[in-house]
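Please keep both open while reading the points below.

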Amino acid sequence: MAETGIALLRICAFCPNPCRLAVPEDEADQRESRTPSALAYLAVALNDGFVEPDGETQTALADLELAETCRPHCVYEFDVPAELRAFARKQWDETADHA
Ligand code: SF4
């Protein structure tokens, strides 16, 4: 069965990040925190209650430029940006419902 949702993000979070090679050398912002694996790890940490669903986390998870660059090079053929968007939508919709 194909993984989706948080199960897929959990795999990406602990993947050694081979898709990162797709990021061009002249990309201005090369921070590791913007890679798909790092964003997936942040989503997992949020899901598991180790990170607060604050504005900083929301902003970090919305920065999907490098994840989109890496997407066609995922060795598992995962669409991590789409999963991160779906995760964030669910996360902050639920937070708004309980505000
Ligand atoms: S996008 Fe794919 S290849 Fe890249 S870190 Fe995640 S699981 Fe690994």
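The model is predicted, not experimental. The ligand is surrounded by 14 residues, and both α1 and α2 contribute at least two residues to that shell. The axes of α1 and α2 come within 7 Å, while those of α2 and α3 are 10 Å apart.

**Packing of α1 and α2**

- The axes of α1 and α2 cross at roughly 130°, which makes α1 oblique to α2.
- The crossing of α1 and α2 is left-handed.
- On the α1 side, the residues that meet α2 are Ile6, Leu9, Arg10, Cys12 and Ala13.
- On the α2 side, the residues that meet α1 are Pro36, Ser37, Ala40, Tyr41, Ala43, Val44 and Asn47.
- Sorted by class, the contact of α1 with α2 holds 9 nonpolar, 2 polar and 1 charged residues.

**Packing of α2 and α3**

- Helix α3 spans residues 55-62 and packs against α2 at an angle of about 145°.
- The crossing of α2 and α3 is left-handed.
- Leu39, Leu42, Ala43 and Leu46 of α2 form this contact with Thr57, Ala60 and Leu61 of α3.
- The contact of α2 with α3 divides into 6 nonpolar, 1 polar and no charged residues.
- Ala43 is listed in the contact of α2 with α1 and also in the contact of α2 with α3.

**Ligand shell**

- Among the 14 residues around the ligand, the closest are Cys12, Cys15, Cys19, Ser37 and Cys74.
- By class, the shell has 12 nonpolar, 2 polar and no charged residues.
- Cys12 and Ser37 are listed among the closest residues to the ligand, and they also take part in the contact of α1 with α2.

**Ser37**

- Ser37 sits in helix α2.
- Ser37 is buried because 22 other C-beta atoms lie within 10 Å, where 20 or more is the cut-off.
- Not counting residues up to four places away in sequence, Ser37 touches Cys12, Ala13, Cys15 and Asn17.
- The C-alpha atoms of Ser37 and Cys12 are separated by 5.2 Å, although the two residues are 25 apart along the chain.

**Asn17**

- Asn17 is placed in the loop between α1 (5-13) and α2 (36-47).
- Asn17 has 15 other C-beta atoms within 10 Å and is therefore partly exposed.
- Beyond its neighbours within four places in sequence, Asn17 is in contact with Thr35 and Ser37.
- Asn17 and Val75 are 58 residues apart along the chain, and their C-alpha atoms are separated by 9.3 Å.
- The phi angle of Asn17 is positive, about 70°, although Asn17 is not a glycine.

**Glu77**

- Glu77 lies in the loop between α4 (65-70) and α5.
- Glu77 is exposed because its C-beta has 9 others within 10 Å, and 12 or fewer counts as exposed.
- Phi of Glu77 is also positive, near 60°, in a residue other than glycine.

**Thr57**

- Thr57 is found in helix α3 and belongs to the contact of α2 with α3.
- Thr57 has 18 C-beta neighbours inside 10 Å, so it counts as partly exposed.
- Leaving aside neighbours within four places in sequence, Thr57 is in contact with Leu42, Leu46, Val51 and Glu52.
- The C-alpha atoms of Thr57 and Ala43, which are 14 residues apart along the chain, are separated by 8.8 Å.

**Ala88**

- Ala88 is in helix α5, residues 80-97.
- Ala88 and Ala62 are 26 residues apart along the chain, with their C-alpha atoms separated by 7.9 Å.

Key. Residues numbered from 1 in each chain as written. Predicted model: local features only at pLDDT ≥ 70, side-chain atom pairs only at ≥ 80, totals over all residues. Helix = DSSP H or I, 4+ residues; strand = E, 2+ residues; numbered from the N terminus. Contact = placed C-beta atoms within 7 Å. Axes fitted to C-alpha atoms, helices over the stretch in contact; angles between N-to-C directions. Parallel < 35°, antiparallel > 145°, perpendicular 65-115°, else oblique. Left-handed = near helix turned anticlockwise from the far one by under 90°. Nonpolar A, V, L, I, M, F, W, Y, C, P; charged D, E, K, R; others polar. Near = placed C-beta within 6 Å.
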